[in-house]
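The sequence and structure are shown below.

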Amino acid sequence: MVIQELNSEILPNDPQIIEINLLFEGIFQRYGYDFRDYGKAHAKRRIMHRMAISGFSSISELQHMVLYDESFFHLLLQDLSINTTEMFRDPEFFLSIREQVIPVLKTYPFIKIWHAGCSTGEEVYSMAILLQEEGLLNRTQIYATDFNPNVLQKAKEAIYPVSQMKDYTRNYLKSGGKSSFSEYYNARYDSAILKKILKENIVFADHNLVTDSVFGEMNLVMCRNTLIYFNKQLQDKVVGLFRDSLVSGGFLCLGSKESISFSPHNIYFEPIVAKHKIFRMKY
Amino acid sequence: MQSANTVPYDAIVIGASAGGLDALGIFLPILDVRLPVPILIVQHISATSDSFIITYFDRLCKLKVKEAEEKEILKPGHVYFAPPDYHLLVESDKSISLSNEEKVNYSRPSIDVLFETASWAFGNRLIGIILTGANWDGAAGCELIRKSGGMVIVQDPKTASIARMPESVIERLNPDYVLPLKEIGHLINKIFFLTPTR
């Protein structure tokens with residue numbers, strides 16, 4: 001028997017990284033959620049936080065609880081899910097969509113948009129408002145997906161703190177908004193409820209970018225600030241998923257610090273607005 | 001494992017807040033171009049600021065200054081600034097991660113997030129430096145660096161434009177050095193055996 005010597009260069013010397021690898025393997029086998037190719041530094045911060053508030057002395061101890069107690073697993077699932085979002089986040093990005101992408105979409109009789117990793121829905125509704133103002137909403141179908149059922153529920157409800165409307169109004173105006181932002185919601189007590197017309201063409205669905213497959217024939221795929229949590233292999237796989245989901249000439253929109261230049265799929269895309277990470281599938 | 005003439009540290013992390021741009025403008029240009037380790041910096045800054053600080057410091061410094069990009073492998077002699085509105089993290093393979101998870105200590109980027117993850121990656125081979133600022137971001141990170149056997153350097157609060165941030169570190173632990181900006185620069189050069197060239 002040949003005993004192969006392991007290359008010590010690739011072995012983690014931090015025992016906690018080993019524990020995280022084991023925890024993620026366990027979560028995958030037990031619950032089907034696959035975090036194995038997530039960046040470890042971010043995950044470790046979240047796990048250490050849960051460990052501290054739950055009084056565990058090691059990640060291995062926490063792992064036992066995760067495997068045997070499904071409700072505890074769901075707590076950790078919320079920890080590992082990033083839900084920072086706002087309406088018209090990066091207003092200049094939405095301005096670029098309005099100026100560079102909308103004119104192309106206007107030439108189509110019917111438009112399909114996939115918003116992957118939609119979190120609590122703020123950006124989905126921002127896009128719906130933009131499409132409404134450009135006269136495209138009634139011929140658009142938006143699929144908004146996330147792996148976290150809790151945030152999807154919030155996204156469907158479309159109720160946001162009224163305290164945020166001031167910031168959102170500012171973003172909306174900077175994004176080239178043509179109307180008055182207050183036309184899109186009703187304020188009640190501390191809540192702003194988005195108007196029903198914005199929801200009519202949106203389907204919210206549970207979809208996991210890591211384990212689920214393509215969404216077909218999309219004209220635009222939007223996935224901002226999700227890929228940064230994945231390692232290179234997984235980023236590459238997901239960009240491939242987007243490529244397979246897009247029609248020729250379809251648009252791919254990523255987060256401002258995300259890139260596809262490292263990926264072999266890069267050759268199928270051309271940058272439309274490089275600064276705002278808007279790409280287009282070549283014909 | 002470590003011979004006498006190998007460098008004792010593998011990376012430097014720096015946190016600065018209010019008054020930090022002026023402080024970095026004094027401290028960074030002193031560093032020798034031959035510095036054999038990467039420097040990672042969190043400077044608290046508005047979420048909407050542009051890349052002027054990169055251009056500014058790159059012109060000012062002997063070292064190569066750039067904005068940190070995700071998945072980038074850290075290189076010696078390079079200075080990496082956290083981008084506005086993103087946390088800067090170090091992975092165990094010494095590559096960079098960015099994240100837009102929620103603010104920590106009311107800050108994104110947060111100094112604690114950088115210091116904590118860098119400490120996990122570099123252990124006792126890390127130097128953490130806290131400069132001027134009006135809050136306590138970075139104090140917890142310094143504590144972890146110290147616990148892991150790394151070095152903690154703090155700008156002398158008497159010389160800081162705002163003393164709160166260096167003071168918050170001194171309240172939690174006894175830093176290895178408490179010094180004015182220029183002396184921190186000379187100390188770093190000395191730690192890496194870099195004597196001025198003629």
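## The sheet of chain B

In chain B, seven strands make up an open sheet in the order β3-β4-β2-β1-β7-β8-β9, with parallel pairing. Strands β3 (64–67) and β9 (177–179) of chain B are at the edges with a single partner strand each, so one side of each has no neighbour in the sheet. On average, neighbouring strands of this sheet are turned by 20° against each other, direction ignored. Strands (E, at least two residues) and helices (H or I, at least four) are DSSP runs numbered from the N terminus, and two strands pair if DSSP finds at least two bridges between them. Axes are lines fitted to C-alpha atoms, for helices over the stretch in contact, and angles between N-to-C directions run from 0 to 180 degrees.

This is a predicted model, in which local features need pLDDT of at least 70 and side-chain atom pairs count only at pLDDT 80 or more, whereas totals for chains, interfaces and linings use all residues. Residues are numbered from 1 along each chain as its sequence is written, while chains are lettered from A and ligands numbered from 1 in the order in which they are written.

Within the sheet, strand β2 (residues 39–43) of chain B runs parallel to strand β4 (residues 78–81) of chain B, and three bridges join them. B:I39 has B:V79 in β4(B) as its bridge partner. Helix α5 (residues 164–172) of chain B packs on the sheet, where it touches β7 (126–130), β8 (151–155) and β9 of chain B; the direction of α5(B) makes about 140° with that of β8(B).

Helix α4 (residues 139–147) of chain B and α5(B) have axes that come within 9 Å and cross at roughly 45°. That angle makes α4(B) oblique to α5(B); angles under 35 degrees count as roughly parallel, over 145 as roughly antiparallel, 65 to 115 as roughly perpendicular and the rest as oblique. From α4(B), residues B:A139, B:C142 and B:E143 meet B:S168, B:V169 and B:R172 of α5(B). The residues of this contact comprise three nonpolar, one polar and two charged. Residues are in contact if their C-beta atoms, placed from the backbone, lie within 7 Å. Ala, Val, Leu, Ile, Met, Phe, Trp, Tyr, Cys and Pro count as nonpolar, Asp, Glu, Lys and Arg as charged, and the others, Gly among them, as polar.

B:R108 and B:P109 are joined by a cis peptide bond with omega of about 5°. B:P109 lies in the loop between β6 (96–99) and α3 (111–122) of chain B.

## Domains and helices of chain A

Chain A is divided into domain 1 (11–80) and domain 2 (91–281), with bounds that come from an automatic or database domain assignment. The C-alpha centres of domain 1 and domain 2 of chain A are 30 Å apart. Contact between them involves nine residues of domain 1 of chain A and ten residues of domain 2 of chain A. The domain 1 side of this contact has three nonpolar, four polar and two charged residues.

Helix α1 (residues 15–31) and helix α3 (residues 59–68) of chain A have axes that come within 9 Å and cross at roughly 5°. This makes α1(A) roughly parallel to α3(A). Among the residues that meet are A:I20, A:L23 and A:I27 in α1(A) and A:I59, A:V66 and A:L67 in α3(A). The contact of α1(A) with α3(A) divides into seven nonpolar, four polar and two charged residues.

## Strands and a loop of chain A

Three strands of chain A form an open sheet in the order β3-β5-β4, with antiparallel pairing. Its edge strands, β3 (159–161) and β4 (185–188) of chain A, each pair on one side only. Four bridges join β4(A) to the antiparallel strand β5 (residues 191–194) of chain A, and A:R188 has A:S191 in β5(A) as its bridge partner.

Strands β9 (residues 269–273) and β10 (residues 278–281) of chain A run antiparallel and are joined by four bridges. They form a hairpin with four residues between them, and A:K277 in the turn has a positive phi of about 55°. A:F88 also has a positive phi, near 50°, and is placed in the loop between α4 (70–80) and α5 (91–105) of chain A.

## The interface between the chains

Chain A contributes 16 residues in contact with 18 residues of chain B. On the chain A side, the largest share, five residues, comes from helix α2 (residues 40–54) of chain A. This side of chain A divides into six nonpolar, four polar and six charged residues.

Key. Two residues are in contact if their C-beta atoms, placed from the backbone, lie within 7 Å.
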